Amino acid sequence: MPPRISISPQLAARCCKASIDLSARPSLVQLFAALSVPTARLQTRSASILASLSDNPDAYQKRIRVGRGPSSGKGKTSGRGHKGQKQHGKVRPWFQGGQTPLIFQKGRLGFDNLRALDMSEVNLDKLQEWIDAGRIDPTKPITPKELVLSNLVGTIKDGIKLLGRGADALKQPIDIVVSRASAAAIDGVEKAGGKIVTRYYTKQAIKRLVEGKSINTDLPLPTGAQHVEPVLEKARQKGFFYRLPDPTSRWDMEYYRDPAHRGYLSHLLQPGESPSLYFKVPPAKVARDSEKKKKVKQEDIKLWEKL
């Protein structure tokens, strides 16, 4: 639809007067000039704006034109060199000249573990920064819920692993519970007078902790008929909460049974018992180790202490 032109009453009177006055016989140019909108109302635009349009610097790369003479640097052979398969045709990137491919000679090295857990990593120096900023209270137990709510851990993954970078930066003792911890991190926390426990978590368990649907505990679910009634009574008083899962695979069970990892199942080991579910420590070796420890203690007694 063509745009409408607003005509003022004065302009309409001039048009009508010009059309009625037959004696004057105005020309066609005069009639169109009477209908034209005054130029003072039009917006003036400089044509130099269109002439100065340009793209951002380095917004695009200039196309290299090959085979256009020697002065371009890409003339004659167009940058392909002289003779051979690379000049005359195309060589696929995996072609090895006709030899038996190395993948057939040597085979594939390693594999991609599609079942590997994806852990969120937290370093001790970053944890100390959060404590200094007041985002984490070191006087209370630090659980995955506190780490997620303080945004020290972003996306919730299969667990949280504590690493030992900046172990010397830890200023105060902390009580922390994580999925896994490196030896340096355990040493750094305990040197500062703190306590660290590793506990089995899943992605769903951490989500329920953050949402308040579970209560964090470093104790496994009690087993046995004698524990059924106390657990039910506690659930009736405090309401229903999802319990935290316990490990079911052999690797996870052995990890959390190991005192070196500060696992929450390490209290289940008997004296001299191995964390492994398969390998047993021979009783004779246990007795020999205990005798060695006694001998070392006896040798520690100084000569002047005997006098």
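# Notebook: cavity, sheet, helices and core

I took a cavity as a set of points, on a 1 Å grid over the protein atoms alone, where a 1.4 Å probe fits but cannot get out. Grid points are joined across faces, edges and corners, and a volume is the space filled by probe spheres set on the points. The largest cavity has about 30 Å³ of space. Its lining consists of L117, M119, D158, S179, R180, Y200, Y201, D252 and Y256, where a lining residue has an atom within 4 Å of a point.

I noted the source: this is a predicted model, in which local features need pLDDT of at least 70, side-chain atom pairs count only at pLDDT 80 or more, and totals for chains, interfaces and linings use all residues. Residues are numbered from 1 along each chain as its sequence is written, and side-chain values use heavy atoms, with hydrogens and water left out.

**Entry: chain totals.** I looked up the elements and got 13 helices and five strands in the chain. Helices (H or I, at least four residues) and strands (E, at least two) are DSSP runs, numbered from the N terminus. Of the 307 residues in the chain, 22% are buried; buried means under 20% relative accessible area, with a 1.4 Å probe and protein chains only, exposed means over 50%, and partly exposed lies in between. For contacts between residues at least 6 apart in sequence, I read that 52% join residues at least 24 apart. Contact means heavy atoms within 4.5 Å.

Entry: I traced an open sheet of three strands, with the order 1-2-4 and parallel pairing. Strands 1 and 4 (180–181) stand at the edges with a single partner strand each, so one side of each has no neighbour in the sheet. Two strands pair if DSSP finds at least two bridges between them. Strand 1 and strand 2 are joined in the parallel sense over five bridges, while strand 2 and strand 4, also parallel, are joined by two bridges.

I then listed bridge partners. M119 has G159 in strand 2 as its partner, and V122 stands opposite L162 in strand 2. L162 in turn stands opposite A181 in strand 4. Four of the five residues of strand 2 are buried, so this strand is largely enclosed by the rest of the structure.

Entry: S120 lies in strand 1 and counts as buried at 9% relative accessibility. Leaving out residues up to four places away in sequence, S120 touches V153, T155, K157, G159, I160 and K161. N123 is also found in strand 1 and counts as buried at 12% relative accessibility. With the same exclusion of residues up to four places away, N123 touches L163, G164 and R165.

**Entry: helix 6.** I checked residues 124–132 and found L124, L127, Q128, W130 and I131 buried. Down the axis of helix 6 the buried residues fall within an arc of 160 degrees, so they line one face of the helix. The arc is that of the directions from the helix axis to the C-beta atoms. What covers these buried residues includes strand 1 (119–123), helix 7 (144–149), strand 2 (159–163), strand 3 (175–178) and helix 8 (183–191). Just after helix 6, G134 has a positive phi of about 80 degrees.

**Entry: helix 9.** In residues 203–211 the buried residues are A205, I206 and L209. They cover an arc of only 100 degrees around the axis, which puts them on the same side of helix 9. They pack against helix 7 and strand 2. G212 follows helix 9, and its phi is positive, near 80 degrees.

**Entry: nonpolar core.** Which residues have the most contacts inside the largest nonpolar core? I read L127, L147 and L162, in a core of 35 residues. Helix 6 gives the largest share of this core, four residues. Elements giving two or more residues are helix 6, helix 7, strand 2, strand 3, helix 8, strand 5 (195–198), helix 9 and helix 11 (250–257). A nonpolar core is a set of buried Ala, Val, Leu, Ile, Met, Phe, Trp, Tyr and Cys residues joined through side-chain atoms within 4.5 Å.

Leaving aside neighbours within four places in sequence, L162 is in contact with V122, L124, I176, V178, R180, A181, S182, A185, V189 and I196.

Conventions. On a 1 Å grid over the protein atoms alone, a cavity is a set of points where a 1.4 Å probe fits but cannot get out, and a pocket is an open set with protein on both sides within 12 Å along at least five of seven lines; lining residues have an atom within 4 Å of a point.
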